[in-house]
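Me: I would like to go through a model with you. Could you begin with the chain as a whole and then turn to single residues?

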Amino acid sequence: MGEDVTGHPLYRSLVSTLIERISCSLCGGEALPSERALAASYGVSRTTVRLALAELERMGLIVRRQGVGTFVAERPETPLRCRGYRFADHMRALGRIPWTRTVSFDRVELDERIAKILGRDPGDAAYRWRLVHEADGAPVLAEEAWLPCVRFGSLSSADVETRELPDLIGAIAPAAVRRVKEELSALAAKREQAHALRVPLGTPLLLRTSTYEDASGAAVAASRSFAACDRFTYPVLLS
């Protein structure tokens with residue numbers, strides 16, 4: 001499978017390009033060019049185009065009709081849900097097209113800082129999950145999540161692909177989370193965050209630290225999300 005200059009599979013780059021095209025210049029129900037035309041337009045193989053279209057269809061952004069063509073899906077509004085911020089819901093409510101992709105998913109030993117957040121011991125096994133959340137084909141949030149192996153058992157990258165953390169927790173342990181504790185702060189972008197968000201080093205970022213807790217107050221999972229301050233407004237509803 002081909003890769004772009006960043007090392008990502010080529011079809012994923014095409015997915016981002018087509019998301020931006022759908023968002024900026026196409027309406028629900030409008031036809032996309034044929035596979036042959038897309039391949040010629042973007043200088044890729046038809047196999048790459050098919051993989052990209054399959055991903056867009058799985059995301060619900062396009063509809064393919066046998067013998068007729070490929071069309072932009074209608075975009076129903078989705079209400080925000082509770083118990084964990086969901087980037088996709090937020091962006092759809094703003095009329096934007098969201099996409100979440102996994103950058104890496106590894107089994108690691110917790111360092112002292114993250115172990116303290118999770119109420120575990122340094123060296124305990126956990127999954128470290130790095131994601132980038134995009135809207136209209138542009139990166140908006142870079143997120144790093146930690147899931148203790150003792151709570152989540154055996155997971156693979158296939159289990160988390162294109163999901164968000166609240167959805168993964170809901171699928172594996174739907175009754176576990178009773179509240180989400182969040183802290184907001186500011187910092188300057190370091191190399192890893194700048195690369196993920198495509199911003200210069202030192203760019204002001206909003207940092208959101210989220211701890212998912214069970215009924216006893218024990219941490220189920222935790223995450224840190226980074227966003228450029230000029231691209232993102234974090235919604236807070238107090239009731």
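Me: How far apart in sequence are the residues joined by contacts in the protein chain?
Reply: Among contacts (heavy atoms within 4.5 Å) in the protein chain between residues at least 6 apart in sequence, 60% join residues at least 24 apart. This is a predicted model, in which local features need pLDDT of at least 70 and side-chain atom pairs count only at pLDDT 80 or more, while totals for chains, interfaces and linings use all residues. Residues are numbered from 1 along each chain as its sequence is written, and side-chain values use heavy atoms, with hydrogens and water left out.

Me: How many helices and strands does the protein chain have?
Reply: The protein chain has nine helices and eight strands. These are DSSP runs numbered from the N terminus: helices are H or I with at least four residues, strands E with at least two.

Me: And what share of the residues is buried?
Reply: Of the 239 residues in the protein chain, 45% count as buried, meaning under 20% relative accessible area (1.4 Å probe, protein chains only).

Me: Moving on, where is I22?
Reply: I22 lies in helix α1, which covers residues 10-25. The C-alpha atoms of I22 and L32 are 8.9 Å apart, and the two residues are 10 apart in sequence.

Me: Why does I22 count as buried?
Reply: Because its relative accessibility is 2%.

Me: Now S104: which residues does it contact beyond its neighbours within four places in sequence?
Reply: S104 is in contact with R128, W129 and R130. S104 itself belongs to strand β3, residues 98-109, and it counts as buried because its relative accessibility is 17%.

Key
Buried < 20%, exposed > 50% of the residue type's maximum accessible area, 1.4 Å probe, protein only.
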